[in-house]
Structures are given as structure tokens and as C-alpha cells.
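Opening the notebook on this one.

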Amino acid sequence: MNSLHIFSLSGLITALWLCYLFRDRSRGAGVRQLLGPRSPSWLVGNFDLYSDKLPSLLSVIFSGNLRSFFCVENVGDDDFNWLKTYGSSLCIKGPFGRNVLYTADPRAMQYILNTSGYRFPKSPEFRFLIELVTGRGIIWADGQQHAQQRRIMAPSFSQSSIKGFLPMFRETTQRAIEMWQDLVLQDMKTSSVIDVNAWLGRLALDIIGKGDSMHYEFNSLSNDSDNEVVKVYRSLFADLHHKPSDYQLAFRDFCGYLPMWMITRLRDYFKATNRVGQTIIDRQLESLAAGNEGGKDLMGLLVINNCAQHEKIRLGNTELLAQMTSLLLAGHDTVSSVVSWILWELSKIPALQAQLREEIISTRNRAIQRGQDGLSNVDFDSMPYLLAVIKETLRFHPPVPQITRFAADDETTPFSMPQRTKDGGLVTEISVSKGQRIMIGLAAYNRCVGELLKSFSGLNLNFA
């Protein structure tokens with residue numbers, strides 16, 4: 001290829017790129033009228049208020065509002081301040097100067113996530129990443145695919161199904177407690193430090209494995225576990241999401257792709273979970289073919305429910321595997337994160353910790369008097385303070401602080417309260433063009449918009 005051809009190709013690529021940027025920026029014309037924070041960067045917009053990867057001058061040129069979500073000491077610090085300054089819906093800058101609608105408005109959230117149906121699908125970048133990790137499961141699915149998968153999976157998450165797992169939860173948790181006690185006793189002469197979050201992640205993985213009717217053992221609690229899923233899972237998502245560079249954020253947004261080292265790690269994880277998942281599914285199908293009742297766990301019930309569906313809407317083997325890896329992802333990180341935050345908040349408030357312990361001891365004593373050897377589902381439901389602590393933790397530390405969507409068609413999104421515009425006016429709705437990117441602030445909604453869950457059962461429990 002001679003220099004003229006190279007020059008022509010470079011010019012074509014540059015022209016196409018500029019057309020992409022112009023088209024993408026023009027989509028945000030309606031959103032642009034809303035107030036919002038100044039973007040310190042062009043490359044990744046408002047996603048870079050905490051850049052420590054580049055010199056200050058380069059950071060101003062090559063970063064933006066996006067890093068406010070990825071590179072902060074405390075999740076939500078900047079979006080909480082934004083809502084107090086600009087209102088519950090505002091315009092922020094995404095990569096390459098893109099206008100992004102950021103909202104924590106209750107009515108807008110209800111419209112986007114519920115009322116509109118599937119007219120605000122998940123962003124292509126999110127679906128690309130999730131497909132690498134879980135395959136085309138329920139987290140990845142949109143539209144009718146999501147509705148079909150949700151309908152088949154719903155019976156596995158019924159209240160009666162979930163309550164049947166309590167004995168297994170208790171048994172596995174007791175094992176983790178005993179291991180913690182052994183660690184403390186071994187270090188009696190020195191101060192003991194336990195990485196609670198890491199241990200809870202291992203505990204959650206073992207619970208998910210034991211939840212399988214074939215009793216698949218990850219043995220994650222064992223320090224010498226050689227299970228392939230345990231090996232590839234360790235620190236995977238922390239490595240992928242913790243303080244990415246400006247270039248990584250922009251490249252991911254513009255191209256929809258990740259650096260090769262990330263893709264390699266995700267593929268290793270995907271292959272390992274698929275091998276484990278296939279083993280579990282094959283055993284479930286063999287058990288059903290032999291005339292057995294089948295498992296009562298999540299995956300067992302999923303296989304049974306799927307087999308009961310009409311052939312035209314039944315999930316294929318690839319989709320079943322995707323549900324397995326989705327359960328591992330959703331059940332592992334979220335559980336360990338929420339329980340870690342519960343313990344963190346309790347450690348900061350001794351009076352709250354004492355009151356909760358008193359409620360648990362009192363409930364346990366009543367259970368013993370009834371001849372029970374442990375707490376039942378009814379006992380857990382009868383402890384209002386425990387439920388309040390869990391709910392307040394979910395309000396204050398949601399496992400997923402923000403989610404992204406984009407408009408499949410031109411839409412008008414309503415607001416529950418008037419929003420200020422740059423010209424000094426007020427609007428109660430905003431026009432969004434097809435392709436408009438939207439970021440929904442779940443953490444900001446929980447903490448800033450009315451503090452909806454400030455009180456539970458009259459207990460007035462509040463971590464703030």
C-alpha cells in the first residue's frame with residue numbers, strides 16, 4: 001500500500017470519526033439545555049474529576065466527568081453534590097464531548113425503567129462487557145429475550161424456593177465463623193486482621209455451589225482450593241473496574257472494546273464457569289431423564305422450569321449456561337459487598353451493634369424455648385431491627401450505584417419536579433433523541449432525593 005492510499009484511508013477514517021462525533025453530539029440537543037457541571041476534559045467528559053494517572057495539563061485535555069463515577073474515594077461523592085447544586089436531572093459530559101442525561105428523578109426513573117417497557121435498552125458497551133463475562137443471559141438480555149428469560153427464571157426465585165436454602169446458608173456461614181475464630185486464636189499474642197470482604201466473597205461462592213442439588217463444591221473457603229472458577233475469579237472485577245485510566249475509559253466507550261489483557265481474563269473466567277455450569281446442567285438433565293424429581297435449588301428449578309416450557313420458547317443449552325454464569329456473578333459480588341457494608345456500619349456505631357445483638361439473642365432464646373436448634377425464616381422475619389439494618393445498608397450502599405440506558409427512539413422523559421435550564425427557565429420534561437445516552441443515579445436517588453428509606457418500622461434508622 002503506497003503513501004497515497006495510506007493518506008486516503010487515514011482521511012476516510014478521520015472523516016467517519018468526525019461524522020460519528022457530530023451525530024452523537026447532536027443527539028443531546030434537548031439534554032444540553034439542562035444545567036450541569038463543567039467538564040474538565042474532552043476525551044472522557046465529566047468522568048475524570050479524580051484523575052491521578054496523567055499530569056494536570058494532559059488530564060484537562062484528555063479526561064472529563066466520567067471518572068467521577070470510576071475513580072473516587074467514596075462512590076457517589078460527586079453525583080451527590082451535583083444533585084444538590086443542579087437538581088435531580090442534569091446534563092453531564094461523556095467521552096468525546098457527548099451530552100449525557102444524568103437523572104435521579106423518581107418519575108424519570110420510573111418512566112425509563114418501567115413505564116416505557118423496553119424502549120430504553122441497556123447500553124451497547126455494558127452488553128458487550130456482560131456477554132464476555134456471562135454470555136447472553138438475563139443480565140445481558142433486552143426486550144423480548146429478557147421477558148422470556150425472566151418468565152422462565154421467575155419460579156426459581158419464589159419466596160418458597162428461597163426460604164428452602166436457609167439450612168445450607170446457616171451451615172456454610174457457621175463454617176466461615178469457625179475459621180475466623182481459629183485465625184483469631186492462632187494470633188492471640190498479636191493483633192488479628194481479617195479481610196472480611198475477601199472472606200465473604202469466598203463464602204458467597206461456596207453458598208452458590210452448595211445451592212446446587214448435585215452439591216457442587218467450589219471449596220472457596222479452603223485456602224488451598226484448586227477449583228478453576230475460584231482461581232480465575234479472585235480480584236477479577238476489582239482489576240477490571242478499579243480506577244481505569246483515561247485512555248481505557250475513552251477506548252471502551254468509543255470502540256465498545258477492552259484492552260486485550262482484560263479480554264483474556266474475562267475469557268478465562270467465562271470458559272471456567274461454562275465448564276462448571278455444563279457439568280451441573282448435564283447432571284440435572286440426567287437426573288430428570290432417570291425419573292427423579294430434580295433439584296430444589298436455583299439451577300435445578302431453572303432446568304425443570306425450562307423443560308416444562310413449549311419447545312419454541314425453551315432456553316437452549318447456551319442460554320442455560322449463561323444463566324448459570326449470571327447467577328455466579330450476581331450472587332457473588334453483590335452479597336459480599338452488602339454484608340461487608342453492614343459489618344462496616346455496625347463497627348462504626350457501637351450502640352446500634354448492641355441493640356441489634358440484643359434483638360438477635362432475644363429471638364434466639366425464644367427459638368430455643370420452642371425446641372428449635374436454630375433460627376427459622378419466621379424468626380428472621382420477626383426481627384424488625386435486623387430488617388431495618390439490611391434495608392438501610394441497601395439504601396446507603398447499593399451494590400450497583402449507577403446504571404446506563406440509551407433511547408431506542410425519540411422520547412419525551414417526564415420529571416417529578418421542575419428542572420432548571422441554562423436560560424433560567426424551568427422544565428417538567430425533556431426531549432431525548434434516538435441514541436441519547438442516559439445515566440441513572442441509583443445511589444444518588446437513595447441518598448439525596450427525599451431520603452425515601454430513612455425510617456423503617458418507626459425505628460428512624462439512618463446511617464447518614
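This is a predicted model: local features need pLDDT of at least 70, side-chain atom pairs count only at pLDDT 80 or more; totals for chains, interfaces and linings use all residues.

Residues are numbered from 1 along each chain as its sequence is written, and side-chain values use heavy atoms, with hydrogens and water left out.

**α9 and α10.** I looked up the axes of α9 (residues 166-186) and α10 (residues 196-210): they come within 10 Å and cross at roughly 150°. Among the residues in contact (heavy atoms within 4.5 Å) I noted Phe169, Met179 and Trp180 of α9, and Trp199 and Leu203 of α10. I sorted the residues of this contact into ten nonpolar, two polar and four charged.

**α17.** Next I checked the length of α17 (residues 350-369): its 20 residues should span 28 Å at 1.5 Å a residue, and the end C-alpha atoms are 29 Å apart, which agrees. Buried here (under 20% relative accessible area, 1.4 Å probe, protein chains only) are Leu352, Leu356, Glu359, Thr363 and Ala367. They cover an arc of only 75° around the axis, so they sit on the same side of α17. Pro350, Ala351, Glu358, Ile368 and Gln369 are exposed on the other side (over 50%). I found α16 (317-348), α18 (377-381) and α19 (384-396) among what covers the buried residues. Just after α17, glycine 371 has a positive phi of about 90°.

Key:
Helices (H or I, at least four residues) and strands (E, at least two) are DSSP runs, numbered from the N terminus. The expected span of a helix is 1.5 Å times one less than its number of residues. The arc is that of the directions from the helix axis to the C-beta atoms. Axes are lines fitted to C-alpha atoms, for helices over the stretch in contact, and angles run from 0 to 180 degrees between N-to-C directions. Ala, Val, Leu, Ile, Met, Phe, Trp, Tyr, Cys and Pro count as nonpolar, Asp, Glu, Lys and Arg as charged, and the others, Gly among them, as polar.
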